Amino acid sequence: WTVSNEKFMKSTQKWLDMFKLRLSWGTNGNRDFGDVYKTLANLNLGGTGMVYVNNGTATVVNPLYMDRLAAPNLQWEKTTSWNVGMDFSVLDGRLTGTMDYYFKKTTDMIMNQRLPNFSGFSSITANLGEVQNQGFEIALNSTNIETKDFTWNTSAGFSINKNRINHIYYDYDENGVERDDPSADNGKGWFIGQPIGAIWYYETNGVWQNTPEDIAAAALVGQKPGDPKVVNRYTEDDKILEDGTRVPVYNDKDKDYLGTTTPPIYWNLRNDFTFWKDFTFSFSLYSYMGHKSTEGYWLNQDNGGSQVTNAFNMPEKKYWTPENPTNDYCRLNAAGPNTGLASGVNKLYNRSFVRLDDITIGYTLPQKWTKKYMMDKIRVTASIKNVCTISGWEYGDPETGGLANRTFNFGLN
């Protein structure tokens with residue numbers, strides 16, 4: 001509905017160019033689940049051949065067995081979405097923008113449903129699960145300054161998304177509560193009411209220090225100063241010594257939801273400047289915010305704590321010592337509590353970042369210079385990609401977890 005065309009909006013025509021409201025609803029299907037033959041049963045060769053003897057002649061026969069159940073009722077995944085939005089333009093196009101709120105629900109997700117062992121199969125492909133997404137998006141474009149010799153344009157965007165798992169297998173316990181699947185997604189787990197990518201893990205509380213109290217408490221679980229402290233959330237299964245001392249025991253009951261690995265917030269900003277119509281300068285930033293990860297870097301377990309790996313020195317890194325009693329890093333080759341986490345426990349890190357992604361300059365040579373050489377136009381450009389990143393993450397690139405190159409480009413058109 002283009003509201004700005006209505007008669008009652010006539011008084012706004014001096015500054016409002018266009019104002020439109022949008023409402024949409026729809027359902028889309030998705031059949032992309034890899035093997036298109038999953039609706040059919042599958043026969044496979046047995047790993048061990050059988051010997052068939054006929055009139056003294058032995059023949060090796062490979063048996064066939066069914067390794068996948070047919071799923072003839074498999075359907076497409078379905079995503080139903082609502083969207084409410086608006087578009088606007090003001091001041092002769094100096095400021096334009098769009099805003100959208102959306103709500104999406106995906107049902108009949110194509111998943112592997114677990115089967116009891118007596119069926120002979122571990123799972124069957126079925127339509128299960130329900131996931132919803134809702135969020136808000138805004139995009140703005142503006143001409144901030146426009147004169148004969150100088151122009152400044154800006155574009156910006158912002159989005160926030162909330163993801164939630166409503167159902168997984170529709171498998172309920174005796175209390176009518178739907179069960180989670182902690183082993184799904186390569187051990188990361190799916191949890192009812194939590195987002196995909198939820199972090200379900202142990203919470204840490206710094207590092208054991210070189211004090212009498214910490215030395216005694218750490219010794220109860222086979223640790224020593226410089227090792228990580230783990231929060232003991234569930235105490236019903238703790239071990240009680242004869243003198244009444246409580247020894248923490250760690251298992252899944254001590255885990256908690258610590259955040260999500262998927263960033264819920266994204267924003268970007270770009271500015272373009274033009275000077276005297278021939279010289280241009282631009283820069284752009286973008287950011288992902290609100291996501292976290294658990295990593296074991298703080299344990300300093302590189303090559304068993306050795307400072308030499310493959311005949312090379314380890315990269316310089318920080319670690320706990322009695323002279324450096326930090327809670328941010330453990331001692332070299334730190335260990336976890338021997339009551340369930342002896343190999344160590346990861347630390348929760350904030351992976352939010354802001355990246356200055358691009359700086360570009362360009363210059364178009366005046367035609368009075370280029371015409372002498374029978375050239376209509378010559379433009380020189382230079383740019384830097386991945387200029388710098390602002391983040392609390394110190395182990396490489398916060399976006400990829402690895403390394404990110406800085407690229408320099410020079411161009412002549």
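**Reading the sheet and its contacts**

Guide: Here 10 strands form an open sheet, with antiparallel pairing, in the order β1-β6-β7-β8-β9-β16-β17-β22-β23-β24. β1 (16-30) and β24 (407-412) are the edge strands, each with a single partner, so one side of each has no neighbour in the sheet. This is a predicted model, where local features need pLDDT of at least 70, side-chain atom pairs count only at pLDDT 80 or more, and totals for chains, interfaces and linings use all residues. Residues are numbered from 1 along each chain as its sequence is written, and side-chain values use heavy atoms, leaving out hydrogens and water.

Visitor: How do I read strand pairing?

Guide: Strands of a sheet pair through backbone hydrogen bonds, either parallel or antiparallel. Strands are DSSP runs of E, at least two residues, and helices are runs of H or I, at least four, numbered from the N terminus. Two strands pair if DSSP finds at least two bridges between them. Strand β23 (residues 379-391) pairs with β24 over 6 bridges, in the antiparallel sense. V380 stands opposite L412 in β24.

Visitor: What is a salt bridge, and how many are there by this rule?

Guide: Side chains of opposite charge can pair when their charged atoms come close. The rule asks for a side-chain nitrogen of Lys or Arg within 4 Å of a carboxyl oxygen of Asp or Glu. The count comes to 17 salt bridges. One of them joins D227 and R331, with the closest N and O atoms 2.8 Å apart. D227 lies in the loop between α1 (212-219) and β12 (228-230), and R331 in the loop between β20 (312-313) and β21 (347-350), so the pair ties together parts 104 residues apart in sequence.

Visitor: Is D227 buried or exposed?

Guide: Buried means under 20% relative accessible area, exposed over 50%, partly exposed in between (1.4 Å probe, protein chains only). D227 is buried, at 1%. R331 is buried too, at 16%.
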